[in-house]
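Here is a short briefing on one chain. Look over the sequence and the model first, then read the points by topic.

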Amino acid sequence: MSLIRRITELRMQKAKLLGYDNYAAYALSDKMAKDVATVGKFMQDLQNHALRQAMADVKEVQQYAEDHGVDFQLQRWDFTYYSEKLKKSKYDFDAELLRPYFQLEKVRQGIFDLYGRLYGIRFVEARDIEVYHPDVTAYEVFDGSRFMGVLYLDMYPRASKRSGAWMTEFRGQNKIGSKLIPGSKEVRPLIQVVCNFTKPVGDKPSLLSFDEVETFMHEMGHAMHGMMSDVTYPSLSGTNVKHDFVETLSQVMENWCYEPEFLNTFAKHYQTGDTIPAEYIKKIKASENYLSGYACIRQLNYGNIDMAYHTLQSPLTEDIESFEHRNMVELLPVVEGAISSTAFTHIFSGGYAAGYYGYKWAEVLDADIFSKFKKEGIFNKQTASDFRNMVLSRGGSDDPSALFRKFMGRDPDNTAFLVRSGFMEEAKFHPVRKQR
């Protein structure tokens, strides 16, 4: 706990040396949100909408537990167990039933085809390009006859590989070479997408869970952000954007995973070839918002703690435990001595200091952007072209607020997120309201 005090004090001193009231003001000066007041208003507004649903979520799980013999108030260690049992009972659905419809090769082709349908992009396997491991596949990416770059897909786990999923670039797009060296061509990107999906065994292919399909879509969103970049300087290309905007353009792509029109193009049973049943898709969509209020408040709590630490203007003297609980909305009984701050590596060593709000910020933006696709057609080429030209291709060459405003015709609005999360009725949703 002494480390928390020391870290926050040093950050506060750094901010004041640079002329800021607190560390959050310093950190946000280079973010899309810009200032502490904007972040505070943003999180408070989401909390106001989510809290009622969160309390209802907790009450529903408690009632389920009582109906099944529990005669005490659920503690934090009970909640996950009973919430999972309730989920299975409520939706009568085993997520493992989806795996046969999500063969990795077909999912990959479905994603490739989606980018082709939206943006005219082609992916051509390039066996002559050297790769760093036999499991890695390289693809040359083309827009018509124009070479866009190389995509490396590294899909399976191995002993020397860390877990998780991510996108990175070996080389970013830029036009520096063509300006400095007469006759040289634009430098196109070399981009990598890494996942850890189950490897094929015998004649059984790699079959993905629905969550893994979302993950693949997410990382490909990052990859195409880099691949479609069209800027001069490498420091501004692709995903080199404001920290609270970088996840937006990958999360936008996840929305297609819930659209039957998209799923039906590739989700075929690997043995029978049958298209994924419509009732399965309905259950995916129905369960999408399970405990959405609880999950939203939980994440807002982390964002609130983060901002509380980084808006300090004098050294923290209060007990860490009381400081944390004072800046949280408690939905479950408080456990004395249990705190999250000492393990909150995201803000103390993971680069999210005064930036954890960015997770929800990006969710709001991605829902807002996708609302335009929903209104104009999820495969609408003009909408996709505008999105590419006004946002994807621009990287960090302009402020993301300006890019967003150019595409949407207005400033961001959280209505689409509230509807998607189940906090607001669809009938009240007007996704393309004119700016007042």
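Between which two helices is the loop that holds Lys34 found? Lys34 is in the loop between helix H2 (23-28) and helix H3 (36-67). The model is predicted.

- Lys34 is not a glycine, yet its phi is positive, near 80°.
- Lys34 is partly exposed, because its relative accessible area is 37%.
- Leu291 also has a positive phi, about 55°, although it is not a glycine.
- The loop between helix H10 (278-287) and H11 holds Leu291.
- Leu291 has a relative accessible area of 11%, so it counts as buried. The cut-off for buried is under 20%.

**Aromatic pairs**

- The structure holds 35 aromatic pairs.
- In one of them, the ring centres of Phe210 and Tyr258 are 5.2 Å apart. Their planes stand at 75°, so this pair is edge-to-face. The class needs an angle over 60 degrees.
- Phe210 belongs to helix H7 (residues 210-227). Tyr258 sits in the loop between helix H8 (248-254) and helix H9 (260-263). The two residues are 48 residues apart, and the pair links distant parts of the chain.
- Phe210 and Tyr258 are both buried.
- Another pair joins Tyr309 and Phe323, with ring centres 4.9 Å apart. Their planes are at 40°, so the pair is tilted.
- Tyr309 is in helix H11 (residues 292-310), and Phe323 is in helix H12 (residues 320-326). The pair therefore ties together parts that are 14 residues apart in sequence.
- Tyr309 counts as buried at 1% relative accessibility. Phe323 is buried too, with a relative accessible area of 4%.

**Aromatic cluster and charges over rings**

- One aromatic cluster is formed by Phe102, Phe210, Tyr258, Phe262 and Phe266.
- Arg11 places its charged end over the ring of Tyr23, 5.6 Å from the ring's centre.
- Arg162 lies over the face of Trp166, 3.8 Å from the ring centre.

**Helix packing: H14 with H16**

- Helix H14 (residues 358-376) and helix H16 (residues 400-408) have axes that come within 11 Å. They cross at roughly 20°.
- H14 is therefore roughly parallel to H16. Angles under 35 degrees fall in that class.
- The H14 and H16 crossing is left-handed.
- On the H14 side, the residues are Leu365, Asp368, Ile369, Ser371, Lys372 and Phe373. They meet Phe404, Phe407 and Met408 in H16.

**Helix packing: H5 with H7**

- The axes of H5 and H7 come within 11 Å. Their crossing angle is roughly 40°.
- That angle makes H5 oblique to H7.
- The crossing of H5 and H7 is right-handed.
- H5 makes the contact through Leu104, Val107, Arg108, Ile111, Phe112, Leu114 and Tyr115. H7 contributes Val213, Phe216, Met217, Met220, Gly221 and Met224.

**Buried loop residues and their contacts**

- Gln103 is in the loop between helix H4 (76-91) and helix H5 (104-119).
- Gln103 counts as buried, because its relative accessibility is 14%.
- Leaving out residues up to four places away in sequence, Gln103 touches Pro205, Ser206, Leu207 and Tyr270.
- Leu312 is in the loop between H11 and H12. Its relative accessibility is 15%, so Leu312 counts as buried.
- Leu312 is in contact with Thr8, Met12, Asn22 and Phe323, leaving aside neighbours within four places in sequence. Phe323 is also the ring partner of Tyr309.

**C-alpha separations**

- Leu312 and Ser371 are 59 residues apart along the chain. Their C-alpha atoms are separated by 38 Å. Ser371 is among the H14 residues that meet H16.
- Ala416 lies in helix H17 (residues 415-421). At 7% relative accessibility, Ala416 counts as buried.
- Ala416 and Glu363 are 53 residues apart along the chain. The separation of their C-alpha atoms is 9.9 Å.

Definitions and conventions
Residues numbered from 1 in each chain as written. Predicted model: local features only at pLDDT ≥ 70, side-chain atom pairs only at ≥ 80, totals over all residues. Heavy atoms only, no water. Phe/Tyr/Trp six-rings, centres within 6.5 Å; stacked < 30°, edge-to-face > 60°. Helix = DSSP H or I, 4+ residues; strand = E, 2+ residues; numbered from the N terminus. Buried < 20%, exposed > 50% of the residue type's maximum accessible area, 1.4 Å probe, protein only. Lys NZ or Arg CZ within 6 Å of the ring centre and 35° of its normal. Axes fitted to C-alpha atoms, helices over the stretch in contact; angles between N-to-C directions. Parallel < 35°, antiparallel > 145°, perpendicular 65-115°, else oblique. Left-handed = near helix turned anticlockwise from the far one by under 90°. Contact = heavy atoms within 4.5 Å.
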